[in-house]
Amino acid sequence: MLTGKIVEEFKIGKDSFKIRYPKFEDFEDLQELINSPVEEWRYSTRQKKVNRKEGFEVLTDLLKSVENKESVALVVEINGKVKGMANIDKKKHAQNHICELGISLGKEIRGKGIGKRLMELLIREAKKNLKTEIVELEVFGENKIAQNLYKKLGFKKVGVIKKGIKKKGKYSDKILMVKYL
């Protein structure tokens, strides 16, 4: 069982970090993390906040997919509170060697190298547990910080969908990136 399993522990200054698999007790923190990009209108395709019932369903489905080896998910816990999460979901059928990556970091932990560390560990876990050969992701065209991080991790830009994202009537390009393992 992977629920709550710690993958790495470290300190930055006085703060203690754990990168680990999620567990049910993370529910409140994860719902806040899911909803925060909606509030700050950051780079999230989510249009509205999830309520408690929806948040519980998201977490339940995620934990099931991790246990069924259809996904790998890791959270970043800082001083006992979850402030980041990333997951890789395995595609099905003839594409089951490909996984799709998503990441969300609370603003208080951005820019500290934690996202890079989280993604490296996530990809390592996905390679081991899901037998992943290719990881793909999508990123907002104007999110240059994320694109630079993904490039540092070995992702290559493979396509652009012009006006592929529409939020509040405003269009953004959707950049497609891939990493071969």
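The legends below describe close-up views of a predicted model.

Local features are reported where pLDDT is at least 70 and side-chain atom pairs where pLDDT is 80 or more, whereas totals for chains, interfaces and linings use all residues of this predicted model. Residues are numbered from 1 along each chain as its sequence is written, and side-chain values use heavy atoms, with hydrogens and water left out.

**View 1. The largest pocket and its lining.** A pocket is here an open set of points on a 1 Å grid over the protein atoms alone, with protein on both sides within 12 Å along at least five of seven lines, and lining residues have an atom within 4 Å of a point. The largest pocket holds about 1400 Å³ of space, a volume being the space filled by probe spheres set on the points, which are joined across faces, edges and corners. Its lining comprises 40 residues, and those nearest the centre are Y43, G102, I103, S104 and Y150. Two or more lining residues come from each of α1 (27–40), α2 (52–67), β4 (81–90), β5 (98–105), α3 (114–130), β6 (134–140) and α4 (144–152); these elements are DSSP runs numbered from the N terminus, helices being H or I of at least four residues and strands E of at least two. By class, the lining of the largest pocket has 20 nonpolar, 10 polar and 10 charged residues, where Ala, Val, Leu, Ile, Met, Phe, Trp, Tyr, Cys and Pro count as nonpolar, Asp, Glu, Lys and Arg as charged, and the others, Gly among them, as polar.

**View 2. The largest cavity.** A cavity differs from a pocket in that a 1.4 Å probe fits at its points but cannot get out. One cavity of 30 Å³ or more is found in a search of the whole structure, and the largest cavity has a volume of about 70 Å³. Around the largest cavity lie F27, L30, Q31, I34, G55, V58, L59, L62 and M85, with α1 and α2 each supplying at least two residues of this lining. Seven of the lining residues are nonpolar and two are polar, while none is charged.

**View 3. The two sides of helix α4.** The buried residues of α4 are A146, Q147 and Y150, buried meaning under 20% relative accessible area, exposed over 50% and partly exposed in between (1.4 Å probe, protein chains only). Seen down the axis of α4, these buried residues fall within an arc of 100 degrees, so they line one face of the helix; the arc is that of the directions from the helix axis to the C-beta atoms. On the other side of α4, I145 and K152 are exposed.

**View 4. Charges over aromatic rings.** A charge is taken to sit over a ring if NZ of Lys or CZ of Arg is within 6 Å of the ring centre and within 35 degrees of the ring normal. R117 lies over the face of F10, at 3.7 Å from the ring centre, and the charged end of K163 sits over the ring of Y171, 5.1 Å from its centre.

View 5. Most residues other than glycine have a negative phi.
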